[in-house]
Amino acid sequence: MTRCQPRIYGAEFSREEIEDAASRGSLLSMEIEFNRDCNFNCIYCYARNGVSGKQELTAEEIRDVISQAKKIGVKKIIILGGEPMLYPRVMEMIEFIKGLEIEIELFTNGTNITETLAKKLSEKGVIVVLKLNTSDEKLQDILAGRKGAYRQIHTALDNLKKAGYPDATPMGISTVICRQNFNELVQMWEWLREQRISPYFEMITPQGKARENDGLSVESDKIRDLFFKLSEIDREKYGYNWLPQPPLVGGQCLRHQFSCAVNVYGDVNPCVGVTIPVGNIREKKLADIIKDSEVIEDIRNYKKLIKGPCSKCAKNDECYGCRGAAYQMTGDYLASDPLCWENINRQEDILHLPVETSGLVPHKKPILIVNKLIEVLEKSSVAEAEITEDMIFTGENGKLDDTSYPEIISQAIAAQNGLKHAGNGGSGSQGLLIGIKKFEILGSAGAGDSLKVFVYKVARYSEFGIIRGEIFKGQDLIAKGEITVWHNDDK
């Protein structure tokens, strides 16, 4: 009998539930960090140690955001770190979450998983996902950045088995796909299947320490062959039937449709790979953050907005690649996934920031002042303007006219909006500068100067937006103020 393998992200939710959550701006699951402390130093880790000067969430703040999540539909909490088993109040938090009748999935390297604690986790029904990347003790210690890591992980595994995992309570093994363990992954997959442990095999997102360790990467065609080989094994040997697609073996990652990630400082991100804070729970309610976020709205509307080859892929009903890989490698969370094997020969069709604005805005020289879009975040962006003598805003003395500064901010926001439609088959957007407010000219610029332009969407009212902008020449702020613009994305 053919079965569908339980999906890693969203398996417990129906397609109807996911679509409903996406349409209502609600959540079904939430990833959360309790701490950033970790006794491993994994060479592929997405997270770094604590940030100096930033205060971690208190226990009360953690309970509060989980309670907020419950109110907007969350049925599952995924506990990340750091190493959550180093958090001194972890069992207290587990008790609290279970009291809200929310399922828990805990990712851990096995720290402090004694026989007694393993039994408590099993009794609470906590799904434990143990991090194990190889059967080679020396290699595991190298990947974990700590001698003795292999033994610690296996001691935890033995204790979890004694407590009834995986028969009484499901468990998984989290494994990154890298060059060092690649040749043993098929054997490891079968070993886990035989033990009825769910294998969580995942491509590495190029961020954090992984970005600093180029020796981890595996060619996309080899990863494709691995996915298809494991799919064949699952189908023929274990009765699981699934479609191979990145970044999860045997799973699909559409988590942005129904999930988010809250880091230890309260920042809400679309996921741990799309590291764009869309709000902070200390400043705003979780429901309002999710509802008001343009980044989350854009990714949930991926079928209309995703760019490049992924926009034309026949599989995009169930796949949009890895948004984390797309963002970390291109700077654009709506770009095609450069690591997907379907895009091996389509790299030139994938947009990367920084990008020239000439293809993003309707302005042409000599009216065009903003020439490059550098970075796009939540409702904000950074652009660059190179001032030349032939611009119509440059006077005979080579200096920019004061009236050009609101226009610069207008062009910068036009480039930000234009990026959303570039390369996805859309027709872009039209816009007009219709108002200027509280504008101050604090300095001057002229031919030969390079300006940085920071813009932020203060408010949006249907087709109208209020934009705050700042223009810098080097470290000097030379102009700032607000403009009102009209834009129409459908034209």
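Trp 189, Phe 201 and Trp 242 form one aromatic cluster. This is a predicted model, in which local features need pLDDT of at least 70, side-chain atom pairs count only at pLDDT 80 or more, and totals for chains, interfaces and linings use all residues. Residues are numbered from 1 along each chain as its sequence is written, and side-chain values use heavy atoms, with hydrogens and water left out.

**Aromatic pairs**

Let us stay with the rings for a moment. The structure holds nine aromatic pairs; rings of Phe, Tyr and Trp (its six-membered ring) pair if their centres lie within 6.5 Å, and planes under 30 degrees apart count as stacked, over 60 as edge-to-face and the rest as tilted. Two of the pairs are set out here.

| Pair | Centre to centre | Angle between planes | Class |
|---|---|---|---|
| Trp 189 and Phe 201 | 5.0 Å | 85 degrees | edge-to-face |
| Phe 454 and Phe 472 | 5.6 Å | 80 degrees | edge-to-face |

Trp 189 sits in helix α7 (residues 185-194) and Phe 201 in strand β6 (residues 198-203), so this pair links distant parts of the chain, twelve residues apart. Helices (H or I, at least four residues) and strands (E, at least two) are DSSP runs, numbered from the N terminus. Trp 189 counts as buried at 0% relative accessibility, and Phe 201 is buried with a relative accessible area of 0%. Buried means under 20% relative accessible area, exposed over 50%, and partly exposed in between (1.4 Å probe, protein chains only). The second pair ties together strand β14 (residues 450-461), which holds Phe 454, and strand β15 (residues 464-473), which holds Phe 472, across 18 residues in sequence. Phe 454 counts as partly exposed, at 34% relative accessibility.

How do α5 and α6 lie relative to each other? They are roughly perpendicular, a label for angles of 65 to 115 degrees, while angles under 35 count as roughly parallel, over 145 as roughly antiparallel and the rest as oblique. The axes of helix α5 (residues 137-144) and helix α6 (residues 149-162) cross at roughly 100 degrees and come within 7 Å. Axes here are lines fitted to C-alpha atoms, for helices over the stretch in contact, with angles running from 0 to 180 degrees between N-to-C directions. On the α5 side, Glu 137, Gln 140, Asp 141 and Ala 144 meet Ala 149, Tyr 150, Arg 151 and Ile 153 of α6, where contact means heavy atoms within 4.5 Å.

For Cys 38, the nearest cysteine sulfur is that of Cys 42, 6.0 Å away. Cys 38 counts as partly exposed, at 33% relative accessibility. The sulfur of Cys 319 has its closest cysteine sulfur in Cys 340, at 6.1 Å, too far for a bond. Cys 319 counts as buried, at 13% relative accessibility.

Methods. A disulfide is a pair of cysteine sulfur atoms within 2.5 Å.
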